[in-house]
Structure formats: structure tokens, C-alpha cells
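Please keep the sequence and the model in view while reading.

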Amino acid sequence: MSTVANRTMTPERPIGEKGDNRPKMPIYLDYQATTPCDPRVVEAMLPYFTEKFGNPHSRNHQYGWEAEDAVETARKQIASIIGADEREVIFTSGATESNNLALKGVAHFYKDRKNHLITVVTEHKCVLDSARHLEEEGFEVAYLPVRQDGLVDLERLKNAITDKTLLVSVMAANNEIGVIQPLAQIGEICRSRGVLFHTDAAQAVGKIPLDVKAMKIDLMSISGHKIYGPKGIGALYVGRKPRVRLQALITGGGQERGMRSGTLPTPLCVGLGAACAIAEKEMGAEAERLRMLRDRFYAAIKQRLPEVFLNGDLEQRLPGNLNLSFAYVEGEGLMMGIKDLCVSSGSACTSASLEPSYVLRALGVEEELAHTSLRIGFGRFTTEQDVDYAVEHIVGAVNRLRELSPLWEMAQEGVDIKSIQWTGH
Amino acid sequence: MAYSEKLLEHYENPRNVGSLDKNADDVGTGLVGAPACGDVMKLQIRVNEQGVIEDAKFKTFGCGSAIASSSLATEWIKGKSLDEAEQIKNSQIAQHLALPPVKIHCSILAEDAIKAAVADYRAKHAKKDESASQAAQ
């Protein structure tokens with residue numbers, strides 16, 4: 001536990017140029033967006049760039065054999081952290097590709113017999129967009145709503161399954177609100193009805209315990225850069241008992257049991273494997289540490305600022321994630337006021353499409369509160385000092401912006417904001 | 001988003017933040033936008049006997065571009081007549097702050113806020129003139 005906590009990416013807080021005691025590098029609190037590679041992962045990867053650079057599919061010489069060994073070791077490490085057999089793990093370029101393959105690959109294989117899929121409105125865009133793509137091809141898709149706490153209603157799921165349903169796709173942990181779905185119960189429902197269960201576990205692997213057999217999961221997407229591994233690599237678990245069949249999206253030399261052709265990027269595979277191995281060992285202690293940091297942060301914020309709301313369930317949640325709405329203060333404006341912190345927001349002003357977060361809307365969060373939201377993600381290299389600094393900084397910025405806010409003024413005067421006829425635009 | 005220095009300056013040091021008494025005779029208040037859209041601007045003007053804007057105050061719920069646009073608006077309208085203030089175009093605001101295309105609507109809202117404040121002031125005085133002329137009859 002001590003080695004990980006000491007391994008900060010920006011050890012001392014260097015004094016700013018003007019001697020004003022402000023750190024030079026901003027503090028990274030956006031661990032759901034991506035994570036830095038753990039230095040131990042980079043160390044594991046390096047030999048495979050210039051020394052052991054062989055193609056793992058070269059059968060006839062040592063360069064090939066060494067690369068193949070490394071890839072197969074990585075495969076075992078990935079299988080281990082999710083409770084799978086190594087023959088059930090194939091490498092992809094990332095969770096987006098894994099999700100595409102899971103949905104489209106499975107749908108195309110079974111399309112003559114079944115044509116109905118079920119997913120959830122809060123899924124990542126790569127799942128929702130793949131589902132929409134399948135709808136254009138003639139498949140039918142049901143998009144289940146979620147409750148206010150962000151969790152899927154299991155009764156609704158049961159009622160949505162028909163005898164034409166081939167696949168249910170529910171993400172393990174949500175990237176915006178960190179909410180964890182009841183995977184074992186969903187798996188039980190699906191298995192009993194003869195429906196395949198896919199879960200996008202990009203945010204969950206290495207953070208919460210997962211067991212594909214116990215949870216009756218048939219397909220699982222894994223992302224390297226969400227668990228301190230490199231970007232550009234992921235994996236898809238494809239169950240063998242019961243056997244899941246799928247049609248490859250990427251065809252060629254037939255690598256990965258014909259499911260995903262292409263030369264495997266040995267260093268990246270090694271990196272993903274190493275990241276999983278580290279996570280498997282350190283998950284328990286790390287989760288506890290993150291929960292402690294998160295609770296410390298949230299308690300301090302709640303104590304010093306009124307009108308702050310949590311989006312999504314607090315208990316069924318990734319330990320390092322918070323999604324908070326700071327009423328009467330818009331998210332992008334707030335982020336500009338906390339330049340030394342790296343976070344993200346569900347405000348419309350931060351999206352290219354000018355639409356507020358669809359995940360927050362799905363929770364029933366009113367639009368004006370969606371615009372005031374910040375997503376804060378703590379991670380392996382976050383320190384207590386980072387957390388305390390973040391609290392000071394955010395409290396200061398929120399107070400300053402509330403002084404600027406006509407809505408805060410109205411609320412203080414007791415005006416019912418909902419009663420006003422807004423001009424809108 | 002990479003904002004211009006002028007925009008950042010307005011965000012860090014907004015001009016004329018505050019409120020005037022909306023019930024006062026010489027004050028016009030404009031309230032535009034909607035919380036559901038993530039953009040609300042309140043802009044107020046104090047107008048003297050000669051019809052010149054002596055003071056202006058604003059409060060904004062919105063992103064950095066919205067705050068900067070409304071801050072700039074209050075700066076520009078001080079010392080102008082009501083007619084002159086109404087001539088201010090959103091494109092001038094957008095150009096001065098170098099707003100990125102996706103943020104142009106913030107400058108439009110600022111222009112609307114100015115016009116709304118002026119219209120409110122005029123409406124108050126139209127009523128006064130009306131009741132004054134009625135009393136005179």
C-alpha cells in the first residue's frame with residue numbers, strides 16, 4: 001500500500017514562477033477520462049520495442065517465440081483479473097472496438113434466428129451508436145431507462161426480454177457517474193432466459209472485483225488506458241461455456257481464433273497484462289484509499305458549500321468517482337475558475353454539440369443542474385494534499401461565481417426560479 | 001477551449017458586477033436566457049435625465065464566454081445614450097473577445113440583454129409620461 005501511495009507523478013508541489021506558491025502542473029482529477037501509465041507498466045513494455053520486437057505470429061524463430069510468450073503471459077494476466085480462461089480473451093485496439101465487436105459481431109452471427117437487442121440509455125456512445133447502426137440494418141433495439149440513482153430496473157429488464165432477444169448489453173460502471181450495475185443479477189436473468197449478456201467493463205476492470213463465471217457474463221469489454229495501461233489496446237472476453245460465436249469485424253490472417261485479425265502489438269499487450277496484474281494485487285487496498293480520499297473531499301465540500309447535489313448512487317459507485325452539481329454556477333465557467341485542477345463537466349457549454357450530458361438527463365437531473373455539474377475522478381496517484389487543495393480551490397471558485405450569478409441572487413431573495421417566464425433561446 | 005487574452009481578462013476581473021434597485025425610476029433591467037439552457041444574463045442600467053447611461057451592472061449564470069460578453073457589454077454601454085446602446089451588435093462583442101464559433105450565441109445573448117434593459121427603462125417612462133399627460137388633462 002505504501003509503495004503505491006508514494007508513487008506520485010508530480011511529487012513536490014513546485015513553486016510557481018512568480019513565487020506565489022501555486023503548483024506549475026495542474027492536478028489531474030479526471031481519472032475516468034484516462035489514466036497515466038503506471039511506471040511499472042512502462043517498464044514491462046520497453047524491451048518489446050527495440051530488443052524483443054518480433055512478430056508474435058512468426059513461428060520459426062526466437063524473436064517470434066519470445067514475443068508470443070509475452071503476449072500469452074499477458075493474456076493469462078487479463079483472464080485472471082476477470083475470472084476467465086485465457087482462451088476466452090482476445091486483444092483489440094480498445095474498448096470501443098471491443099464494444100463494436102461484441103454488439104455487431106454477435107448480432108451478425110445470430111441474425112437469422114434472433115433480431116432483438118436490449119441496452120441502456122446511459123451506455124457509452126460506442127455501444128449506443130453500434131446499437132443504432134444495427135437498427136439501421138433491421139435489428140430491433142430496446143433502450144432501457146435508469147432509475148434516479150442510475151441503476152437499471154431489473155423488473156423492466158425481465159419484461160423487455162422476448163424470445164427474439166439475442167443480447168443484453170449493460171455497462172459494469174458508468175464513466176460519468178461511476179454507478180455500478182448489479183451484474184450478477186443481470187447475468188442470472190439473462191442466462192435463465194437464454195440471452196447473451198455483454199458488459200462494457202472499461203471503467204470497472206481493476207477497480208471492483210469481477211468474475212465472469214460467477215456473474216454469468218458472456219462477453220466483456222476491457223480498456224487499457226482506463227487502468228494505468230497504455231492507450232490503443234483493449235480486450236474482449238468471449239465466453240466458451242456456453243460458447244459465444246461472433247462474426248469478426250476485422251478480417252485477415254485469422255489471428256485471435258479468427259475473431260480479430262492483425263498482428264498483435266506485443267508491447268501494448270504486455271502493458272495491458274501488466275496493468276491487470278498490478279490491479280489484481282492492489283485493487284483492495286487501492287479501493288479503500290480512493291474511497292477515503294473521495295469521502296474526505298465530499299465531506300469537506302458539503303460542509304463549506306450549500307446547494308451541492310450528488311448525481312448517481314453514492315454506495316453503488318466506483319470508489320474514486322464523484323459527479324456533483326453546484327447549483328447556480330455553470331460548469332464550464334467553474335472549470336475556468338479552477339485552472340489548477342483537471343476535471344470535466346456535464347454542461348452543454350463543454351460539449352461540441354451544445355447538448356448537456358445525456359447520462360445526467362437519463363437520471364432525471366434537471367437541465368439547469370446538469371449545466372452545473374462537475375465530474376471529479378481520483379486515482380492511483382492522487383494524494384491527500386491534492387484533495388485538500390482541490391477543496392479550497394473549488395469552494396473559492398464556486399463562491400466567487402455565485403456572487404456573479406443572478407440565479408444565486410434570486411435564490412437568496414427567496415424568488416422561485418421555476419415561476420419565472422424565461423426568454424430562452 | 002483556448003480563449004483569447006481579452007476574454008480571460010474579463011473572466012478573471014469582470015467589470016461592473018452587481019445589482020441596481022430594479023424598482024427605482026431611473027433603472028432599466030434586462031433578464032434574458034434560461035437556466036435550462038445554461039445561460040442567464042441580468043443587465044441593469046441607470047439612466048440620467050439626459051437619457052445617458054450613467055451606470056451599468058450585470059450578473060451572469062453561464063460559461064466563460066457568457067460572463068466575458070456581459071461584462072464587456074456593461075463596459076461599452078456606460079456613457080452612451082439609450083439609442084447608442086441599442087446600436088451595439090453581437091458581432092462587435094464576438095470580434096473584440098475573439099469568441100470561437102460555438103460561443104457566438106453568448107454575444108447574441110449579451111446584445112439581447114442590453115436591448116431588454118433599454119426596453120424596460122423605456123417602458124417604465126412611457127407609463128410615467130402617459131400618467132403625467134393624463135393628470136395634466
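On the face of α6(A) turned away from its buried side lie the exposed residues Lys125(A) and Glu136(A). Here a residue is exposed if 12 or fewer other C-beta atoms, placed from the backbone, lie within 10 Å of its own, buried if there are 20 or more, and partly exposed in between. Helices (H or I, at least four residues) and strands (E, at least two) are DSSP runs, numbered from the N terminus. The model is a predicted one, in which local features need pLDDT of at least 70 and side-chain atom pairs count only at pLDDT 80 or more, while totals for chains, interfaces and linings use all residues. Residues are numbered from 1 along each chain as its sequence is written, and chains are lettered from A and ligands numbered from 1 in the order in which they are written.

Helix α6 of chain A comprises 12 residues, 125-136. The buried residues of α6(A) are Val127(A), Leu128(A), Ser130(A), Ala131(A) and Leu134(A). They lie on the same side of α6(A) because they cover an arc of only 165° around the axis, the arc being that of the directions from the helix axis to the C-beta atoms. These buried residues pack against α5 (95-110), β3 (116-120), β4 (140-144), β5 (165-169) and β6 (196-200) of chain A. Just after α6(A), Gly138(A) adopts a positive phi of about 115°.

Ile180(A) sits in the loop between β5 and α8 (183-193) of chain A. Ile180(A) counts as buried because it has 23 C-beta neighbours inside 10 Å. Leaving aside neighbours within four places in sequence, its contacts include Ala172(A), Ala204(A), Ile208(A) and Leu318(A); two residues are in contact if their C-beta atoms, placed from the backbone, lie within 7 Å.

A pair of helices comes next. Helix α4 (residues 62-82) and helix α9 (residues 266-304), both of chain A, pack at an angle of about 35°, with their axes 8 Å apart. Among the residues that meet are Ala67(A) and Ile81(A) in α4(A), and Thr266(A) and Glu280(A) in α9(A). By class, this contact has 12 nonpolar, five polar and one charged residues. Ala, Val, Leu, Ile, Met, Phe, Trp, Tyr, Cys and Pro count as nonpolar, Asp, Glu, Lys and Arg as charged, and the others, Gly among them, as polar.

Finally, the contact of chain B with chain A takes 23 residues from chain B and 24 residues from chain A. The chain B side has 14 nonpolar, seven polar and two charged residues.

Methods:
The expected span of a helix is 1.5 Å times one less than its number of residues. Axes are lines fitted to C-alpha atoms, for helices over the stretch in contact, and angles run from 0 to 180 degrees between N-to-C directions.
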